[in-house]
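Biologist: Hi! Could you walk me through this model in plain words?
Modeller: Happy to, let's bring it up.

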Amino acid sequence: MRDIKEGKMKGNWNRILRLDLSTGIAVEFGLDEAVWRDFIGGSGVAAYIYKEQYLRRKDGENPLIVLAGPLTGTTYPGSSRFAVCARSPLTGIWGEGTCGGNFGPMLKNCGIDGIVLEGRAAKPVYLFVENRSVKVLDASDLWGKDTYETIDILEERHKRARVMTIGPAGENGVKYANICNDKGDFIGRTGMGCVMGGKNVKAVVVLGTERTEVADKAAYDELRKKLLEQIKASTPALSLHDMGTDASMDLGMMTGDIPIRGWSLGEDFEMSAALGGPTMTEKFLVKGKACLYCPIACRRVMKVDGGPYAMEEGPGPEYETCCSLGTNLHNPVAEATLKANELANRFGMDTITLGNTLSFAIDCFENGLLKPEQNGGVALKYREMDPVLEMIGKIARREGLGDLLAEGSRGAARKLGGGAEKYAVHVKGLELPFHDPHGWTGLGLAYMMSTRGACHLQHLVHPVEQGMVYYEGVGLQENYEGQQSAGKGAMVKIAEDLGVPSNAMVICQFVAWCMTVQDFPAILKAVTGFDYDIQKYLKAGARIWLIKRCLNNFWGVTEKDDTLPPKMLAPYKEGAAAGNVPDVDLMRREYYEARGLAADGKPSPATLDAAGGLEDMKKLLYG
Amino acid sequence: VKVSVHTTGYLLGRDQYRKNLELEIAEGSTIRDLLSELKIAELAKIAVFIDRERQKDLDRVLKADSTVEIFTLVGGG
């Protein structure tokens with residue numbers, strides 16, 4: 001052990017395990033408490049660690065940073081989450097994902113906040129972290145097994161432990177491989193499973209007996225009780241509980257929110273009838289499932305009895321997957337979407353990028369850029385799921401055409417050439433989530449400006465713009481016109497500054513929808529003991545956004561990358577958003593002004609000065 | 001006049017996620033009147049559509065044979 005800064009902070013242990021996989025040597029390190037105060041935890045502190053310890057290294061080390069937040073390990077609703085971060089192999093910029101389940105709390109129970117993995121093991125290994133010790137164990141018997149099998153084996157081998165694992169996609173370097181825990185929860189986006197597989201790490205197993213302490217137990221208890229009441233009174237939370245995250249598809253079809261047929265159709269009610277929450281619940285639900293201590297319980301356990309797409313009882317698709325492998329492929333057969341979801345889960349691939357990459361490939365087949373002979377005589381087509389199901393396995397194995405599609409849509413388009421880029425639906429290399437900027441332009445701006453590429457979760461733009469939630473007193477309106485572009489710059493900046501710290505805590509988005517503005521700093525203060533108020537909280541949000549933006553600028557991001565893909569700029573003929581396209585230039589201008597970015601897309605020196613704690617980033621970008 | 005009303009999201013009670021109604025309402029009734037009659041007027045977080053078109057003006061008069069769809073606002077992630 002070395003360099004532990006002992007102090008009075010609670011919530012975080014201020015102990016992070018660093019393991020060099022090349023040598024097997026593990027050490028603990030801590031950070032100045034001001035770092036936790038200013039960057040909170042999760043992806044915020046991970047970005048700080050990356051900046052401080054890895055950005056200038058000459059050996060190209062890309063660590064995998066697994067980090068919980070100050071609330072992880074407490075009983076606060078929605079706090080069972082943790083983050084995994086690295087430079088993304090898919091996008092080349094900052095990569096991160098968060099997920100719920102039970103791994104995060106058990107990680108904190110080990111008496112550490114997280115693990116930083118450096119180097120590469122000589123052969124496949126898995127890590128067994130028991131309290132503050134780590135063993136590097138042989139994983140040759142696990143390599144090649146899917147995520148569900150691996151979790152079953154390791155949970156049997158290490159009783160009471162929790163597991164996060166990659167599937168074959170992560171082993172084979174699929175650029176959008178994910179990391180799975182509890183079978184149904186995934187560090188989904190930006191290819192963190194690819195980074196883990198590149199280090200020859202199959203899984204991380206955690207087993208701990210410590211308990212996360214909070215600074216002010218009375219205040220914490222009161223805030224928790226209050227939030228539970230707010231969740232109970234929330235009709236969105238009730239819908240999510242009963243119908244899952246897919247509860248919104250019927251409404252989305254009415255507002256122009258649902259992408260259909262490779263983002264080319266404005267509406268198709270056959271799709272929402274087949275794939276919407278009520279139908280999926282009625283036909284396939286076995287039971288709901290909750291992350292630890294969450295009363296919303298939006299997870300779905302589903303089953304398909306018999307037929308060509310039979311699926312044994314297991315995790316059902318979330319809203320995003322009902323779109324990515326359903327509406328997006330113009331597939332009206334819900335059973336096939338459940339099967340596709342199961343395959344992606346078992347192989348360990350992000351369903352958002354996977355669905356977009358499949359529709360990209362279909363467009364390329366339709367437009368002659370791909371030929372059937374490149375896929376054993378079979379063209380991929382909309383509404384035909386059997387070749388798609390086969391392709392999911394080929395991608396995971398990097399076999400045949402699957403090797404090209406394992407690069408994601410931008411990577412595949414670059415290799416294909418011939419104008420294929422116009423069919424790739426991404427921002428900065430990360431494919432769009434399935435809420436449509438034609439209907440909701442502010443979310444389009446959020447996709448443009450997110451620090452990990454197109455993202456709908458690092459901020460609170462989605463619920464704010466759609467009017468589900470009104471966060472009072474921070475400059476937001478109660479209602480926004482979805483298809484209007486003017487005025488969205490300031491809204492997105494504020495909704496980011498509210499959502500980014502929540503993401504760093506690491507709190508679930510759905511729980512955040514039930515919180516008031518004052519709840520955010522209040523719970524952080526009660527848990528950590530730091531004297532947060534709403535202004536300090538929002539400033540932390542801006543600071544965390546800026547540090548990631550600076551990393552991205554250092555890696556080459558400019559104002560030219562802050563845009564939407566061509567398909568978002570072509571209007572639909574039908575549906576609620578017919579004729580509308582986001583005004584990218586107007587929204588970018590507004591946003592740059594609100595955020596304090598210079599014309600070249602870098603934060604201005606004055607913006608970095610005002611943020612505090614980013615002096616070295618100013619030097620990095622401006623000398 | 002007769003209107004068809006479809007509600008989604010427990011607007012008419014905890015046991016009814018979806019409810020389809022055929023209602024006879026007084027001529028000149030507005031969306032606001034309908035919401036009041038159904039006792040969902042106090043809920044701000046709803047979206048109302050008439051014949052699939054989003055309605056922001058709750059004082060709009062309902063025409064005969066209209067289809068009114070009322071949703072709890074909810075999103076997906």
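**Strands and cores**

Modeller: Let's begin with strand 7 of chain A, which pairs with strand 12 (residues 201-207) of chain A in the parallel sense over 6 bridges. Strands here are DSSP runs of E, at least two residues long, and helices are runs of H or I, at least four residues, numbered from the N terminus. Two strands pair if DSSP finds at least two bridges between them.

Biologist: Which residue stands opposite A:Val205 there?
Modeller: That is A:Phe128.

Biologist: Before we go on, what kind of model is this?
Modeller: A predicted one: local features need pLDDT of at least 70 and side-chain atom pairs count only at pLDDT 80 or more, while totals for chains, interfaces and linings use all residues. Residues are numbered from 1 along each chain as its sequence is written, chains are lettered from A and ligands numbered from 1 in the order in which they are written, and side-chain values use heavy atoms, leaving out hydrogens and water.

Biologist: Back to strand 7 of chain A: why is it largely enclosed?
Modeller: Because 5 of the 6 residues of strand 7 (residues 125-130) of chain A are buried, the rest of the structure largely encloses it. Buried means under 20% relative accessible area, exposed over 50%, and partly exposed in between (1.4 Å probe, protein chains only).

Biologist: And how does strand 8 of chain A run beside it?
Modeller: Antiparallel, with 6 bridges joining strand 7 to strand 8 (residues 133-138) of chain A. In their hairpin, with 2 residues between the strands, A:Asn131 takes a positive phi near 50°.

Biologist: What about strand 4 of chain A, how many of its residues are buried?
Modeller: In strand 4 (residues 82-87) of chain A, 5 of the 6 are buried, so this strand too is largely enclosed by the rest of the structure. It is joined to strand 5 (residues 94-99) of chain A by 6 bridges, running antiparallel, and A:Phe82 stands opposite A:Cys99.

Biologist: New topic: how many residues are in the largest nonpolar core?
Modeller: It has 137, and A:Tyr471 and A:Leu498 have the most contacts inside it. Helix 23 (residues 534-554) of chain A gives the largest share, 10 residues. A nonpolar core is a set of buried Ala, Val, Leu, Ile, Met, Phe, Trp, Tyr and Cys residues joined through side-chain atoms within 4.5 Å.

Biologist: Where is the other core?
Modeller: Apart from that one lies a core of 44 residues, including A:Val84 and A:Phe186.
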